[in-house]
Amino acid sequence: MPVYNLNVNGAVRTTPDVPADMPLLWVLRDLLGVTGPKYGCGVGVCGACTSHVAGKAKRLCIRKNVDAEPVPNSAAPQVGDVGNQPIVTIEGLAVGGELHPIQQAWIDEDVASCGFCQPGQIMRALALIAANPNPSDADIDQAMKDNVCRCGTYVRIRAAIKAAAAAMSGP
Amino acid sequence: MARRSEPNEAGLDTTRREFLQVLVAGSSLMIGGVFLTKEQAAALPGPGNTSDVLDLGDTLVAAETAYKYNLTLEVTPHNRVRFELPREDKGQGIATTFAMVIADEMDADYDRVDVELSDRRADRTTTITGGSSTVRTLWEPARTVAANARLRLVTAAAARWGVLPTEITVKKSLVMHEATGRAANFGELSAEAAALALPVVPLPLKPLADYGIIGTPRGRKNARAIVTGAQKYTMDLAVGDTPDFPANAKPTVVLRPPDIKGHIVSINNLAAVQAMPGVIGVVQIDLPDRGAVDLLLPSFPQSTGVAVAADTFFHALAARDALDVTWAPGPLASTSDAQIEATLTAINLPLTPVLPIFSSLDATFDFPYVAHAPLEVMNAVAHVQGSSATIWYPSQTPNYQAGQIATALGIPEANVTMHIPFAGGAFGRHLFGESAIEAALVSQALGLPIKLMWTRNDDMRHGRFRPRTHHALRASWLAGTTLTFEHRVAAAEMDLRHGYGDLFLGPGYNGAHAAIEQAAFNATVSVPYEFGVTTQTILNQRFEVPTCSWRSIYSGTTNCANEIFVDRLALAQGADDIQFRLDHLAISTSLAAPAITRCLQQVQAKRNAWGPAPAGHAYGVAAHGEYRSAVAYLVELDATNPANPRLTRAFAAVDVGIPINPKGLEAQVQGALIDGWSVMVRASNHLDNGVIREGSYSDFLWARMNHTPKTIEVYVFPADPARALPGGQGPGGAGELGLPPGSAACVNAYSRATGTQPSRFPILEFV
C-alpha cells in the first residue's frame with residue numbers, strides 16, 4: 001500500500017499507506033479531516049459528496065469496479081488514480097475568509113435548511129456555471145437533477161444559482 | 001456540562017463561573033428559577049379529546065410548565081449571550097429563531113447571541129422536539145429568562161453608577177446612562193450582575209410593537225458554516241470540536257440481515273474478517289426490544305447484526321462486505337404489502353349507512369410505508385468507559401434515548417451524557433435512536449470510542465417508516481347542507497414509545513396503548529369545517545415493520561385524506577373548491593376556522609390573479625389548521641403527460657399568529673410542499689416478503705430539481721398583537737403544518753388535470 005501526495009484545496013496533502021482503490025470520500029473524511037463532502041448514499045445516487053476533480057464535478061463515494069456509475073461520467077478517480085489533479089471540496093471555495101460568489105448567493109437566498117446536501121449542491125452548481133455562465137431553468141433542471149435535497153430547498157437553490165451566475169459574470 | 005467553544009476573542013479568560021448565568025437548580029451557580037408546586041401543575045389543563053380545543057402542543061406546554069424557566073442563558077466576558085436550547089435543530093431553524101427571540105427581549109446585539117443545542121437535561125423530563133412544539137413551548141419561558149437577564153444587567157449598571165435603573169437604556173448589548181454619558185456592555189457588567197441575589201421571576205415582557213428583530217426575515221445563523229463546509233454534523237466531529245470528544249473514535253458499520261428483523265444463525269468467517277487490513281474488532285450486536293412493554297405485546301425491535309470497527313469507513317465497509325453470515329428469516333418472511341393492506345381494509349370500522357333521500361359520497365385511500373430518509377444517515381458517536389457513557393447523537397427525545405442506552409449497557413441512566421449535534425434532517429426519525437444504542441454497545445464491547453454509521457441501505461431497509469394506513473370516508477348532504485362526515489382510519493400501529501410529554505410517557509404505554517393512540521390521534525387531527533355529525537376514528541394493528549411519527553404524526557395521512565375528500569365533495573356538489581371550503585368554514589365553530597379562512601382568501605385572490613390554467617394544466621387547493629396555525633396552498637400542475645406531471649408554480653398563505661422569522665417559516669412551507677409532492681406522487685417503500693424493496697434514492701423516488709416548481713411564493717400573515725399579550729396564544733407551530741395540505745393540493749391538482757380520482761399513493765405507481 002503506497003502513500004499518496006494529493007492536491008487538495010490548493011495544498012499538498014500526504015496520505016498514510018492506503019489501498020489504491022480507496023474512494024476519495026473516505027481518504028478526505030477519515031484520513032485528511034476534510035469533512036465538507038458528505039456520505040449520503042455511498043453509491044453515487046444522491047450527490048452529497050460532489051466535489052471537483054480537475055475542474056469537473058465528481059462523486060467521491062463511488063467504488064470502482066464495485067458500484068455502477070449511476071450518473072454518466074460522475075465517478076471521481078480513486079486515490080491511486082487521481083495523481084496530482086486538483087481536488088477542490090466545499091472547503092476550498094473561500095479564499096482567505098473571502099467567500100466565493102456562489103457561497104454568498106447561497107447565504108443571500110438562505111438556501112439551506114439542514115444543509116447536509118448543500119456542499120454537493122454548491123459544487124455541482126459551480127460546475128454548471130463554469131460550463132454555462134447563464135443557465136436557463138431547463139439547464140438548471142438538467143444539471144441539478146442528480147442531487148437530492150431532502151428538505152426540499154430546490155426553489156432556493158434555483159434562485160441562488162441564478163444569482164451566483166449573475167454575480168460571477170461581473171458588471 | 002460540556003462547554004462548547006465560542007468565537008475566539010483573544011485575551012479573555014474563558015472560565016466563566018463568575019459571570020452571569022441564569023440557570024438550573026441544583027448548582028451553586030443557580031441564580032434563580034421559578035417552579036410551580038405539584039398542585040399548581042396539576043391544575044393545568046390535561047390532555048384533551050379534540051385538537052381544536054386542546055392539541056398536542058398544548059399538552060406539551062403543560063407538561064413542561066413545572067420547569068419551564070429552568071433554562072441556561074449566559075452572558076460571557078466576551079460580551080456574547082449564550083443560550084442553551086433544549087431541543088434538536090435538524091434544519092428547521094429553531095436555533096436562529098431563539099437567537100432572535102433572546103436578542104429582542106434582552107436588547108442584545110443579535111450578532112452577539114449564540115444559541116447552542118443543550119446537552120440532555122435530565123431535569124427537563126419531557127423535553128421533546130416534535131409536534132411542531134418548540135416555539136410554542138419555549139416562547140414565553142425563553143423571553144422570561146432573557147428579560148430576567150436584562151433586568152440583572154440593568155440593576156448591576158445602576159448600582160455601579162449610583163443611578164436609578166429607570167434612567168438606564170439598553171441597546172445592542174450596550175447598557176447606557178445617557179444623562180451622564182456612561183455605558184458598559186453586557187460582558188463588562190456580567191460579573192456584577194451575577195452577584196445580585198435575584199430570583200428568576202415572571203416579568204412583564206415586551207409588547208409586540210417593541211420588538212425589532214422578531215418578525216423580520218433572517219437567514220440562518222449557521223448559513224455561512226454550511227456553505228463553507230465548516231458545519232459539523234455528528235460524523236464530522238473531531239477532537240476539539242467539543243471539549244470531551246474522544247481521540248480515535250473508530251469508524252463502524254453493521255452487516256444486517258436481508259429482511260426486517262432476520263437474525264444471526266452463525267458467523268462463518270469471523271477470524272478471517274478480524275484479520276483483514278484495518279479491522280479493529282467485529283462484534284455481534286444484539287438489540288432486543290427494551291422495556292416491559294414487549295413482554296405483553298408483539299415487539300418493535302430493530303434489525304441488528306454484526307458490527308465491524310476499523311481504521312476508516314472504507315476498511316469497515318470492505319470487511320462488512322466480506323462477512324459470511326447465515327441468517328434466519330425474520331417474522332415478516334411471508335408478509336408483503338398486499339397482506340397488510342388487506343388486513344387494514346378488513347379491520348376498519350364500517351361506515352354508517354346513509355338514508356336514500358340524502359346525497360352521499362364515499363372514498364377510500366391507501367397510503368404506503370414511507371421512510372424518513374434524512375440525507376444524513378442514522379449514526380452516532382459513543383464513548384463508554386466503565387459505567388458511564390458519553391453519546392453524540394442528535395436525538396429528538398434525549399431522555400428517552402438515554403434510558404434506552406442505559407438499559408442496553410446495564411448502567412445507570414444518570415451516567416449517560418448526551419450531546420446533541422446539529423442534524424442533517426430527521427422528519428421524526430430521531431424520536432428513536434437505534435444507531436446510538438448500537439454505537440454504545442460496540443464501544444462497550446471493544447473498550448474504544450466508536451463512530452457508528454448506518455449505510456443508506458441500512459437506513460431504508462432496516463429503519464422506521466410512516467405507518468401504512470387505509471382510510472374510508474363518507475359524507476352526506478341534503479339541499480346544500482352537509483349532514484354527516486365520517487372518516488374511519490385503519491393504520492399500521494405507530495410506535496409512540498418515546499412519549500410525547502406527559503400525554504403518553506413510555507411506562508403508561510403498556511396497558512393502554514390503544515387508548516393512548518386514539519388520544520394522540522384526537523390531539524392531532526380535526527375537521528375545521530361545519531359538516532354536521534363529524535366522526536373520525538383510528539384503529540391500529542401492530543405489524544413487525546418498525547414505524548415512527550413522520551412529519552405531522554397522524555395528520556400527514558388523515559388530514560391529507562380529508563382535504564382530498566373535501567375537494568371531491570365540492571366537485572360532487574358542483575361547487576368551487578375554494579368557495580365550498582369557505583362556505584363550510586363560515587358556519588363552523590372550529591377555533592381554527594378564521595385563520596384557515598384568511599389563508600384561503602389569499603389563495604382565492606392569487607388564483608384569480610393567475611387566471612385560467614393553461615391547457616393540460618390544473619390548479620389544486622388545500623388548507624389546514626393545526627398547531628394554532630393555518631396554511632392554504634395553491635399549486636399549478638402541468639399534467640400534459642399524466643405519467644410525468646410537474647408542478648409549475650405554487651403559492652401558499654400561512655398564518656402562525658406571530659411569525660418570528662418569516663424567512664425560516666417560508667422554508668418550512670416550501671419544503672412541506674416538496675415533501676407532499678414526493679410522498680403523494682413519487683416515492684414510497686414496498687414490503688416484499690419481509691424485505692423493503694427500496695435501498696436508496698435511486699428507487700426511493702424523492703423529488704429532484706426537475707420535478708419541482710420553479711417558484712413557491714409564500715405569503716406570511718403579519719403578527720396578531722393580541723397573541724403576544726400575557727395569556728395570549730403566542731406563536732403557533734410551523735414545522736409540520738404544511739405537509740397535510742401540501743400533499744392534498746398536489747393530488748387535487750392531479751385529479752382536476754386528469755379527471756381521475758387517485759385512491760392509492762404514490763400516484764405515479766398506479767397510473
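Reader: What makes up the secondary structure of chain B?
Author: The secondary structure of chain B comes to 20 helices and 28 strands. Both are DSSP runs, numbered from the N terminus: helices are H or I with at least four residues, strands are E with at least two. This is a predicted model, in which local features need pLDDT of at least 70 and side-chain atom pairs count only at pLDDT 80 or more, while totals for chains, interfaces and linings use all residues. Residues are numbered from 1 along each chain as its sequence is written, and chains are lettered from A and ligands numbered from 1 in the order in which they are written.

Reader: What makes H19(B) "mostly covered"?
Author: A residue is buried if 20 or more other C-beta atoms lie within 10 Å of its own, exposed if 12 or fewer, and partly exposed in between; C-beta atoms are placed from the backbone. In H19(B), 20 of its 21 residues are buried. In chain B, 58% of the 767 residues count as buried.

Reader: What makes residues of chain B count as in contact with chain A?
Author: Two residues are in contact if their C-beta atoms, placed from the backbone, lie within 7 Å. By that rule, 46 residues of chain B are in contact with 48 residues of chain A. H19(B) gives the largest share of chain B's side, six residues.

Reader: Why are E2 and E4 of chain A called edge strands?
Author: Two strands pair if DSSP finds at least two bridges between them. The open sheet has the order E2-E1-E5-E3-E4 in chain A, with mixed pairing. Strand E2 (11–14) and strand E4 (56–58) each have a single partner strand, so one side of each is left without a neighbour in the sheet.

Reader: What makes E3(A) and E4(A) a pair?
Author: They share three bridges, in the antiparallel sense. Ser51(A) stands opposite Lys58(A) in E4(A).

Reader: Which residues touch the most other members of the largest nonpolar core?
Author: Such a core is a set of buried Ala, Val, Leu, Ile, Met, Phe, Trp, Tyr and Cys residues joined through C-beta atoms within 7 Å. This one has 273 residues, and Ile102(B) and Ala440(B) touch the most other members. Not counting residues up to four places away in sequence, Ile102(B) touches residues including Leu73(B), Phe83(B) and Ala146(B).
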